[in-house]
Amino acid sequence: SAHATDEVDVLLQETKRKIDEIETAFEESKSKRNDFESKLPPELLLQYERMRQEISDPISFVMEESCSRCFQILTPYELTQIGKGPLTCKGCYRFLCVRPEK
């Protein structure tokens, strides 16, 4: 029926719109990632890529003075150092970072 066809057309257009939004968000994220990567020291990027081959989520964040993944407690020295850049967690070996503010 014509009514059913109209509903399908509306659903199809809505789905295409959602796909466009996702593709746009993906491209923006990719651009941000490339910009961020260009500011990293090459050796850090290489280490990250190596870790990505072993585990899918090689980044952890400081949460209440410990690693958010394995809960390894950080020393006062490590807490000071992490403000200067990522550290390697002694518990799970992920990159340990301060969570960026939104």
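## Contacts around Ser-66

Two residues are in contact when they have heavy atoms within 4.5 Å of each other. Beyond its neighbours within four places in sequence, Ser-66 is in contact with Phe-61, Phe-71, Gln-72, Ile-73 and Leu-74. Ser-66 lies in strand E2, which covers residues 66-67. The residue counts as buried, at 9% relative accessibility; buried means under 20% relative accessible area, exposed means over 50%, and partly exposed lies in between (1.4 Å probe, protein chains only).

## Basis of the model

The structure is a predicted model, in which local features need pLDDT of at least 70 and side-chain atom pairs count only at pLDDT 80 or more, while totals for chains, interfaces and linings use all residues. Residues are numbered from 1 along each chain as its sequence is written, and side-chain values use heavy atoms, with hydrogens and water left out.

## Secondary structure and overall form

The protein has three helices and four strands. Both are DSSP runs numbered from the N terminus: helices are H or I with at least four residues, and strands are E with at least two. Along the sequence, their order is α-α-β-β-α-β-β.

The radius of gyration of the protein is 21 Å, whereas a compact globule of 102 residues would have one near 13 Å. This radius is taken over C-alpha atoms, and the globule rule is 2.2 Å times the number of residues to the power 0.38. Along the principal axes, the C-alpha atoms fill a box of roughly 70 × 30 × 25 Å. Among contacts in the protein with a separation of 6 or more, 37% join residues 24 or more positions apart.

## Surface and charge

Of the 102 residues, 19% count as buried. The protein exposes about 8,400 Å², and carbon and sulfur atoms supply 57% of this area. Accessible areas come from the Shrake-Rupley method with a 1.4 Å probe; for residues, only the protein chains shown count as cover.

The protein has 15 positive and 19 negative charges, and their mean positions are 6 Å apart. Lys and Arg count as positive and Asp and Glu as negative, while His and the chain ends are not counted. Each charge is placed at NZ of Lys, CZ of Arg, CG of Asp or CD of Glu.

## Cysteines

The structure holds zero disulfides, a disulfide being a pair of cysteine sulfur atoms within 2.5 Å. The sulfur of Cys-70 has its closest cysteine sulfur in Cys-89, at 3.6 Å, which is too far for a bond. Cys-70 is partly exposed, at 29% relative accessibility, whereas Cys-89 is buried, with a relative accessible area of 1%.
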